[in-house]
Structures are given as C-alpha cells and as structure tokens.
Amino acid sequence: MKQSSDSIHLETHVQLKEMMRRHPATIDYNATVARAAMTMCRADVGSCIVLENNLPIGIVTEQDINCKVVAKNQRPGEVRVSEIMSTPLITIGAERTVGEAASMMVKHRVRRLPVVDECNRVIGIVTVRDLLSVTSEINEIMNDLIEINRPDRYDGGICERCGIMATDLLRIDSMMLCGNCREEEHL
C-alpha cells in the first residue's frame, strides 16, 4: 500500500478469476447484428464476444452497432457481426491480476477484456467498471482501517508513562504518551 498525505493507493494482487463476471454474452461470427443486439438486451450488457469454432475472435459493442450500422442507415438484420466486430481481440488469463488487467486496458485502449482459460476458451469478462468498483471498495475498506487505527491527538495532559505534563500527547496502545516516551519506544 502506498500512502500520501491526500490519498491512499492500494496495489492489489487479486486474481481476475476471483472477480470476473462469468458466462459473458457471446455470439457466433456468422450471426446478424440484430441477433447481437437481442443477445445484449437479454443479458443487459453492452457487448458480445464474437466466437468462431467456440474460440474468441472479436467483440461487438453497442458503440459498434450505433456507429457502424445505425449511423450508416444499414439494416441490423442484414449485417453480420463479423463485418463490424473489433479485432484483434485482446484477452487475458484468469490467473492474471487486477493490476495487470488495468495495465492491458490502458496499453491497448480497451474497456473490456474477455478472460480465457488455457485453451483460449472464454470463461469470463472484466470491464473498466468492474476494476474500478473492486479498487474503490478496497480503498474504502483501507481508509476505514486507517481511520480506526489513527492515534488520537490531544493538546495537553499528563503522560501515562512518565507522569509529566505534556502538550503533544498521543494515544498509543491505549496509553496517553508524550513525545519523549514515544521516542524511547520508537513510535
């Protein structure tokens, strides 16, 4: 964990298999754009992974449909997904980490990464939104942990170790300690 005065940045090694969405929407490369749109609507997602012989070869997104079909006044039932899909498809293994996925997304300028097994079969998908929600949750937990473990600062009082009056008391391990006693304990 890296900590600065303003924020906390968490480096995580969470594997994608722990947080990916399983059974992503897929469609055969010969299917029509209309079929892809129906599949996306039914699954309530914004993309379909395009398969050829059950292996991923591309991805079709809502934006592909809007910009490459609708905006050109083409009929979705007459256009094949293979004509508008984005390729090459960037994939990632389930054993890779959230950090590696984020780096790949930035490097390849993509917002979705299909997750594949050793045989290159699609087993899940991870999106930018998924990564942001995981890291946000972890950062919130870390902020809460830091807050409850932050020593309380008091203006003045009597040090519970040496008994002298001090203006820089901090609660350390349930004792109010002055600066000198904290230094002796290397706190």
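Student: Over how many bridges do β5 and β6 pair?
Tutor: This is a predicted model, in which local features need pLDDT of at least 70, side-chain atom pairs count only at pLDDT 80 or more, and totals for chains, interfaces and linings use all residues. Residues are numbered from 1 along each chain as its sequence is written, and side-chain values use heavy atoms, with hydrogens and water left out. Strands (E, at least two residues) and helices (H or I, at least four) are DSSP runs numbered from the N terminus, and two strands pair if DSSP finds at least two bridges between them. β5 covers residues 47-52, and its antiparallel pairing with β6 runs over six bridges.

Student: Which residue in β6 stands opposite Ser47?
Tutor: Ser47 belongs to β5, which spans residues 47-52. β6 covers 55-61. The residue opposite Ser47 is Thr61.

Student: Which strands stand at the edges of the open sheet of three strands?
Tutor: The order of the sheet is β4-β5-β6, with mixed pairing. Two of these strands have a single partner strand each, so one side of each is left without a neighbour in the sheet. They are β4 (26-28) and β6 (55-61).

Student: Asn53 is not a glycine; what is its phi?
Tutor: Most residues other than glycine have a negative phi. Asn53 lies in the loop between β5 and β6, and is exposed (over 50% relative accessible area, against under 20% for buried and partly exposed in between, with a 1.4 Å probe and protein chains only), at 67%. Its phi is positive, about 55 degrees.

Student: Is Thr39 buried or exposed, and which residues is it in contact with beyond its neighbours in sequence?
Tutor: Thr39 sits in helix α1, residues 33-43. Its relative accessible area is 12%, so it is buried. Counting heavy atoms within 4.5 Å as contact, and leaving aside neighbours within four places in sequence, its partners are Ala25, Thr26, Ile27 and Cys48.

Student: Which residue in β9 is the bridge partner of both Arg21 and Pro114?
Tutor: β9 (residues 122-127) pairs in the antiparallel sense with β3 (residues 21-22) over two bridges. β8 (residues 112-116) also pairs with β9 in the antiparallel sense, over five bridges. The bridge partner of Arg21 in β9 is Ile125, and the bridge partner of Pro114 is likewise Ile125.

Student: How far apart in sequence are the parts tied together by Asp130 and Arg21?
Tutor: A salt bridge here is a side-chain nitrogen of Lys or Arg within 4 Å of a carboxyl oxygen of Asp or Glu. Asp130 and Arg21 form one, with their closest N and O atoms 3.2 Å apart. Asp130 is in helix α5 (residues 128-149) and Arg21 in strand β3, so the tied parts are 109 residues apart in sequence.

Student: In the salt bridge of Lys68 and Asp64, what is the N to O distance?
Tutor: Both residues lie in helix α2 (residues 62-70), four residues apart, about one turn of the helix. Lys68 is partly exposed at 31% relative accessibility, whereas Asp64 is buried at 8%. The N to O distance is 3.4 Å.

Student: What is omega for the cis peptide bond that joins Thr87 and Pro88?
Tutor: Most peptide bonds are trans. Pro88 lies in the loop between α3 (81-84) and β7 (92-93). For the cis bond between Thr87 and Pro88, omega is about -5 degrees.
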